[in-house]
Amino acid sequence: MRARLALAAAGLQPGRDVALREVALKAKPPELLQCSPKGTVPVLVLPDGAVLEESLAIMRWALAQADPQGWLAGWSAADREVMDALIAENDGPFKHHLDRFKYPDRYPGETSAEHRRAALAPAASLRADHDAPLKPPPVPCTSPGCSAGGPSG
Ligand SMILES: N[C@@H](CCC(=O)N[C@@H](CS)C(=O)NCC(=O)O)C(=O)O
């Protein structure tokens with residue numbers, strides 16, 4: 001989902017700029033496994049044949065093409081570090097516990113309730129400093145005559 005959002009934020013339209021192929025994860029098509037043997041989605045095949053097989057890599061590629069809403073452009077290095085840490089927490093420990101809470105049948109011997117507690121702990125600390133870290137940079141104004149600059153001006 002986040003890869004699709006980044007493609008949309010970059011103004012890349014399915015059918016015009018990118019070909020979108022839905023796949024059934026229960027019956028992964030051979031074309032998917034040929035491009036990316038690890039068999040997870042999303043996968044993006046670039047015109048030069050390079051394969052991006054991580055959603056974050058697809059997001060970064062899309063936003064490098066265009067980033068009119070300032071999803072990445074305009075943030076300070078310190079803000080980027082905070083963002084990267086939040087994403088790493090979400091993709092790492094939180095996802096680990098979420099999967100074991102949501103799909104206990106896939107993880108025999110694990111206790112769903114314990115993973116629920118472990119997943120919620122970082123969320124509680126995030127709520128505690130909800131005022132803190134990130135203040136978005138201004139979105140550049142592109143209206144004619146508008147004097148408000150982009151993130152750096
Ligand atoms: N770290 C990967 C995770 C990809 C992932 O696990 N995708 C899920 C769908 S949301 C998937 O393809 N599951 C199928 C499987 O693991 O067989 C990314 O962000 O792209």
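**Entry 1: the core.** I went to the largest nonpolar core, which has 10 residues: Ala3, Ala6, Leu7, Ala10, Val43, Leu44, Leu52, Ile58, Met59 and Ala62. Helix 1 and helix 3 are the elements that give two or more residues to this core. For the core I took buried Ala, Val, Leu, Ile, Met, Phe, Trp, Tyr and Cys residues joined through C-beta atoms within 7 Å. I call a residue buried if 20 or more other C-beta atoms lie within 10 Å of its own, exposed if 12 or fewer, and partly exposed in between, with C-beta atoms placed from the backbone.

**Entry 2: ground rules.** I noted that this is a predicted model, where local features need pLDDT of at least 70, side-chain atom pairs count only at pLDDT 80 or more, and totals for chains, interfaces and linings use all residues. Residues are numbered from 1 along each chain as its sequence is written.

**Entry 3: overall layout.** I counted five helices and two strands in the protein. From the N terminus on, I read the order as α-α-β-β-α-α-α. Helices (H or I, at least four residues) and strands (E, at least two) are DSSP runs, numbered from the N terminus. Buried residues make up 8% of the 153 residues. Of the contacts with a separation of 6 or more, 45% join residues 24 or more positions apart. Two residues are in contact if their C-beta atoms, placed from the backbone, lie within 7 Å.

**Entry 4: helix 1 against helix 3.** How do the two helices pack? I found residues 2-9 (helix 1) and residues 55-65 (helix 3) at an angle of about 0°, with axes 8 Å apart. The two helices are therefore roughly parallel to each other. Helix 1 brings Arg2, Ala3, Ala6 and Leu7 to the contact, and helix 3 brings Ser55, Ile58, Met59, Ala62 and Leu63. I sorted these contact residues into seven nonpolar, one polar and one charged. Axes are lines fitted to C-alpha atoms, for helices over the stretch in contact, and angles run from 0 to 180 degrees between N-to-C directions. Angles under 35 degrees count as roughly parallel, over 145 as roughly antiparallel, 65 to 115 as roughly perpendicular and the rest as oblique. Ala, Val, Leu, Ile, Met, Phe, Trp, Tyr, Cys and Pro count as nonpolar, Asp, Glu, Lys and Arg as charged, and the others, Gly among them, as polar. Leaving out residues up to four places away in sequence, Ala62 touches Ala6, Leu7, Ala10 and Leu12.

**Entry 5: around the ligand.** Which residues are around the ligand? I listed Leu25, Gly39, Thr40, Val41, Pro42, Glu54 and Ser55, each with its backbone-placed C-beta atom within 6 Å. By class, this shell has three nonpolar, three polar and one charged residues.

**Entry 6: Pro42 and Met1.** I found Pro42 in the loop between helix 2 (30-35) and strand 1 (44-45). A cis peptide bond joins Val41 and Pro42, with omega about 5°. The C-alpha atoms of Pro42 and Met1 are separated by 8.3 Å, although the two residues are 41 residues apart along the chain. Met1 sits in the segment before helix 1 and is exposed, with 7 other C-beta atoms within 10 Å.

**Entry 7: Glu53.** Is Glu53 exposed or partly exposed? With 18 C-beta neighbours inside 10 Å, Glu53 counts as partly exposed. I placed Glu53 in the loop between strand 2 (51-52) and helix 3. Not counting residues up to four places away in sequence, Glu53 touches Ser36, Lys38 and Val43.
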